[in-house]
Amino acid sequence: MLDPLPPHPFAKHVLRPVASLDLLFNLKPTSEPLFPHAEQLAHLLTCSHQPYVLQPFKRYVIQPSNLYAGVLCPHCSRVVMHYFHRTWHCPTCGKPDASAPVRVLEDYARLFAPYIRLNELVAFLKLPDRFAARRFVKKFNFETADKWVKLPVN
Ligand SMILES: [Zn+2]
């Protein structure tokens, strides 16, 4: 017959909480709540809950005019890409990337608002004109309403 294993050096730390749980499970239900102010606390938490509003310009004291417009090359991360032949091309590495502006618009949505006007889209992405902006919106199936475009938010 094999000798029993010696107890684990931390066995007493593990066994004590398990014994405490057994004690809790064996408690008889009473009419008095375990935490008398739990309901009041839950009500206060529910009433105080509100969505977190990201305000990076206010928090980091940045002016929106200090931001650079345009689509940065995801490969170089320094160079603004040029739009021609219906896609973006990097003037340094020469790589085209049609989805690069989508990431830029996700940043725009986080910084400003989840909606953008077509003329703002032209300026922010440095598109040649509003017709290119409309083709861009149609290509990526962005929702539109009048002159507004709903941006992707991740
Ligand atoms: Zn590049």
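Here is a short walk through this structure, which is a predicted model.

Let's start with the sheet. Three strands make up an open sheet, ordered E3-E5-E4, and their pairing is antiparallel. At the edges sit E3 and strand E4 (144-145), each of which pairs on one side only. If you want to look at the E3 to E5 pairing in detail, three bridges join these antiparallel strands. To find one of the pairs by residue, pick Ile116: its bridge partner in E5 is Val149.

Now move on to helix H5, which spans residues 118-125. Which of its residues are buried? They are Leu121, Val122, Phe124 and Leu125. Just past the end of H5, Lys126 adopts a positive phi of about 55°.

That brings us to backbone angles. As a rule, most residues other than glycine have a negative phi. Two other spots are worth a look here. Val61 is not a glycine, yet its phi is positive, at about 50°. You'll find Val61 in the loop that runs between helix H3 (56-60) and strand E1 (82-84). Is Val61 buried or exposed? Val61 counts as exposed because it has 7 C-beta neighbours inside 10 Å, and the cut-off for exposed is 12 or fewer.

Asn141 is the other spot: it isn't a glycine either, and its phi is positive at about 55°. This residue belongs to the loop between H6 and E4. Asn141 has 8 C-beta neighbours inside 10 Å, so it counts as exposed too.

Last stop: Pro91, in the loop between strand E2 (87-89) and H4. Pro91 is exposed because 11 other C-beta atoms lie within 10 Å, which falls under the 12 or fewer cut-off. What does Pro91 touch, leaving aside its neighbours within four places in sequence? Pro91 is in contact with Val79 and His82. For a distance you can check, take Pro91 and Val80: they are eleven residues apart in sequence, and their C-alpha atoms are 8.0 Å apart in space.

Methods:
Residues numbered from 1 in each chain as written. Predicted model: local features only at pLDDT ≥ 70, side-chain atom pairs only at ≥ 80, totals over all residues. Buried ≥ 20, exposed ≤ 12 C-beta atoms within 10 Å, placed from the backbone. Helix = DSSP H or I, 4+ residues; strand = E, 2+ residues; numbered from the N terminus. Contact = placed C-beta atoms within 7 Å. Pairing = 2+ DSSP bridges.
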